[in-house]
Amino acid sequence: MSKNKPIADRMHHINPFYVMDILAQAKKLEASGHDVIHLEVGEPDFATPEAVKLAAKQAIDEDKTYYTAATGLPELRAKIAQYYKSRLDAEVAAENIVITPGASGALQLALSVVVNPGQNVLMADPGYPCNRHFVRLLEGKAKTINVGPETAYQLTAALIDKHWDNKTTAVLIASPSNPTGTLIDFEEMSKIIEVVKKHQGVLLVDEIYQGLVYEQKDFTAASMSRDIFVINSFSKFFSMTGWRLGWMIVPDNYIPGVDKLAQNLFLAASSISQYAACSAFEQGSLTLLDAQRDQLQLRRDFLIKGLVAMGFEIPVIPGGAFYIYANVSRFTNDSFGFSQQLLERAHVAITPGLDFGSHEPHLHVRFAYTQNIQSLQQALDRIGDFLLTL
Ligand SMILES: Cc1ncc(COP(=O)(O)O)c(C=O)c1O
């Protein structure tokens, strides 16, 4: 292959995940016989519910393997609408729900129908890294806003108002957030909806970690406005990362645009995954998933207690998702090196802050508590021993 083939300029602005370096290193260690505890991966260790697996097998046996409508299977859209009503007391019409290949597909569709070249989208730093790249692919700009413990690492209506400029077209928020696990409460969410409306912009709310909310009452921004995009997925609460299935609630005026773009970009989400996901809302599956959520809460409390006792700073208790975003300035000002050494010497894999933006990444790391308590205890023991060597 020629080295001189042209590569698009935008490719210089798309960063890889640094955690992949950590993962590759972890795999090497495992290949040479070491037992690595994985706290770096952003996916639950729980298996997909049995009912979903059975429904997938049945869909294959019944040859339900053809393209579906680009907006998704009508019965799945109806089940999701019903789920909003029964679990979250939100009236969402099935016609406004579009099934996508993961929240990733939903984010790409939503941003594509909103962002023009040269326009900017406000988002929090630290935040989910792919969002910056999605906007870059559209020749727009992610205008990141530094956030810290004082706003629970979240954008607020006041911050949005302050940073809005004449190129801003949209705001993208996530609650609970990756990497911090922190939430935007109901009151602040209504203020955010108002301020975006005032500026005649578009609000996109990523609720991919919905269902994984601990002390506070879970709610959806979809219950507060019909003019916003709400993004969700089967990946996290439903333990279905590999099925590549998500959805999005789309405001009326954007439905035709999203539909035609989905036809062009994806044709449809996986039919087998869609038929399978219809069983995710059965009471048996939901009871199991709720019990898993309770386990995650116990793990969170366990890990936070252990980490704080060792000197990690966790100024805001994460109210959801399965992440702890910890300040490591007591030990280092190079969180990437710290993560590498922790892996090499103690065989515990975590994610350095570098993956989530440019606001103090060197002082932060993310722990994903996607392992059982026994493994978390072992991880804490190893981290404790490692810190003694610094
Ligand atoms: C905040 C957030 N949004 C979107 C995604 C994409 O998820 P998926 O495409 O698996 O639904 C992730 C994955 O980790 C995430 O953390």
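1. On a 1 Å grid over the protein atoms alone, a cavity is a set of points where a 1.4 Å probe fits but cannot get out, while a pocket is an open set with protein on both sides within 12 Å along at least five of seven lines; lining residues have an atom within 4 Å of a point. Grid points are joined across faces, edges and corners, and a volume is the space filled by probe spheres set on the points. With these terms, the second largest cavity holds about 40 Å³ of space.

2. Basis of the values. This is a predicted model, in which local features need pLDDT of at least 70 and side-chain atom pairs count only at pLDDT 80 or more, whereas totals for chains, interfaces and linings use all residues. Residues are numbered from 1 along each chain as its sequence is written, and side-chain values use heavy atoms, with hydrogens and water left out.

3. Cavities. There are 2 cavities of 30 Å³ or more. By class, 8 lining residues of the largest cavity are nonpolar, 4 polar and 3 charged (Ala, Val, Leu, Ile, Met, Phe, Trp, Tyr, Cys and Pro count as nonpolar, Asp, Glu, Lys and Arg as charged, and the others, Gly among them, as polar). The second largest cavity is lined by Pro44, Phe46, Leu212, Lys236, Phe237, Ser239, Leu289, Gln292, Arg293 and Leu296; 6 are nonpolar, 2 polar and 2 charged.

4. Largest pocket. About 790 Å³ of space lies in the largest pocket. It is lined by 40 residues, and Tyr128, Asn178, Tyr209, Lys236 and Tyr323 lie nearest its centre. Two or more lining residues come from each of α1 (18-31), α4, β3 (120-125), α5 (130-137) and β5 (168-174); helices (H or I, at least four residues) and strands (E, at least two) are DSSP runs, numbered from the N terminus. The lining of the largest pocket divides into 21 nonpolar, 11 polar and 8 charged residues.

5. Ligand site. The ligand sits in the largest pocket (more than half of its atoms lie within 2 Å of the pocket's grid points). There are 13 residues around the ligand, and Ser104, Asp206, Tyr209, Ser233 and Ser235 come nearest; a residue is near a molecule if one of its heavy atoms lies within 4 Å of it. Helix α4 (residues 102-112) gives the largest share of this shell, 4 residues. By class, the shell has 5 nonpolar, 5 polar and 3 charged residues.

6. Polar atom pairs at the ligand. A polar contact is a pair of N or O atoms within 3.5 Å; within protein, one must be able to donate a hydrogen and the other to accept it, and residues adjacent in sequence count only if both atoms are side-chain atoms. A polar side-chain atom of Ser104 is 2.5 Å from an oxygen atom of the ligand. For Asp206, a polar side-chain atom lies 2.6 Å from a ligand nitrogen atom. An N or O atom in the side chain of Lys236 is 2.8 Å from an oxygen atom of the ligand. The protein covers 92% of the 400 Å² of accessible area that the ligand has on its own (Shrake-Rupley method with a 1.4 Å probe; for residues, only the protein chains shown count as cover).

7. Second largest pocket. About 230 Å³ of space lies in the second largest pocket. Of its 13 lining residues, Lys197, Gly201, Ser225, Asp227 and Ile228 are the closest to its centre. At least two residues each are supplied by α7 (186-198) and β6 (202-206), and α7 gives the largest share, 4 residues. The classes are 7 nonpolar, 3 polar and 3 charged.

8. Backbone points to check. Asp125 and Pro126 are joined by a cis peptide bond with omega of about 10°, and Pro126 is in the loop between β3 and α5. The peptide bond from Ser175 to Pro176 is also cis, with omega near -10°; Pro176 is in the loop between β5 and α7. Asp89, a residue other than glycine, has a positive phi near 55° and is placed in the loop between α3 (74-88) and β2 (97-100).
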